[in-house]
Every structure is written in structure tokens, then in C-alpha cells.
Amino acid sequence: MSHGARVIRTGVSSGGPAAPPPVTVASSSAGSDAELMDGGYFRSCAGMLKVAQMISLLIGFISVNNSQWTDYSAYSFFQIVTMCDLVMILFFYIMHIFRVYRKLTCVSWPLAEFLHYLIGTILLLIGSIVAASKSYNITGLVAGATFGFLATILCVISMWSSYKVSCITQSTNASV
């Protein structure tokens, strides 16, 4: 059974120089290697989720930073976790927009992003719980802890939507 012949063009052939590849026009949402930015990622669900995470982390950081607090260790931990998480999410956002993952293939980018979300979400949850328990009803601290919880929920949603595991049952009898 033949499914059709495939022709693979390389730069060098035994019959002489290869013809230049035909020029194609790519749409802006699908993207091509020649384009600098991926315009479709801005409007994708994952892209908008990353922007929402960054905004909630920034609001949580600013509200805690501008409040009067007495427990230095609890809120400095919260500030460090929110800023580190914000920087890492921004790094992965820029990586997706500029398609760095296509050029640096030595790194398993899905695994790196998954580990970032896993560790960052756990630390953000711990920081938000500690910040909420030590807020003493000061509005800025309560708002910071609330936005920390919101960012935690958004990180879990992003992790779940990107890396959900589907369990498919297989039949025990195999028919040939």
C-alpha cells in the first residue's frame, strides 16, 4: 500500500544545486519562523492567563509593600515569593511570545514551566496563608493576601489546563 510519495529537499543534491524553496505567506496568528513575535499567543487562553497572574501578583506585592506591617519575616517572604513568581511568569511569557523555545531546544521547556508552576504555586500558597493569618485586619495586608490567593488559583488553573493527565482505560482483550 502506497500512501503517496514524499519528496524531501535538502540544500545539496548529487544532481546539482537545489532550487530555492517557494515563498509562502503565513498568517499572523499561526506564525512562522521568520516572524519575530507570535501574535496569536497574546490572544490565547494561556497568554491571557499569564497576564492575569502577573497583574494579581503585582497588585498583591504593591498592597503589602505599601501597608504598615509588624511581622517582618512573614511579609518579606510573601514579597520575595510574589516577585520571584512574577519574574518567572514574565520570563516564560516573553519566551512564548518571541518563540525562544524553538531556538533553544536543549531545554525541556514544558518540564521547566511545569516545575516552575509546581514550586511557585506551593510557595505562593504558603506565603498567602502566612500573610492572611498575620494580617490583623489591616486592609492592605488583607488585600495582598487575597490577591496572593487569586494568583495561586490562577497558577493552579494554568497548570491544570496545560498539563492535565487524561486517564484512558484500555481493554484487556486484544483483537488482531
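This is a predicted model: local features need pLDDT of at least 70, side-chain atom pairs count only at pLDDT 80 or more; totals for chains, interfaces and linings use all residues.
Residues are numbered from 1 along each chain as its sequence is written. Local features need pLDDT of at least 70 and side-chain atom pairs 80 or more, while totals for chains, interfaces and linings use all residues, and side-chain values use heavy atoms, leaving out hydrogens and water.

**Exercise 1.** Check the span of helix α5 against what its 25 residues should give.

*Solution.* Start with the helix itself: α5 covers residues 109–133, where a helix is a DSSP run of H or I with at least four residues, numbered from the N terminus. Next, take 1.5 Å times one less than the number of residues. That should give 36 Å, and the end C-alpha atoms are 36 Å apart, so the two agree.

**Exercise 2.** Work out whether L115 is buried, exposed or partly exposed.

*Solution.* First, the cut-offs: buried is under 20% relative accessible area, exposed is over 50%, and partly exposed is in between (1.4 Å probe, protein chains only). Now find L115, which sits in helix α5. Its relative accessibility is 40%, so L115 is partly exposed. Other α5 residues are buried, among them W109, Y117 and L124.

**Exercise 3.** Find how many disulfides there are, then sort C106 and C155 by exposure.

*Solution.* Look for pairs of cysteine sulfur atoms within 2.5 Å. The count by this rule is 0 disulfides. Then turn to accessibility: C106 is exposed because its value is 69%, whereas C155 has 1%, so C155 is buried.

Methods. Helices (H or I, at least four residues) and strands (E, at least two) are DSSP runs, numbered from the N terminus.
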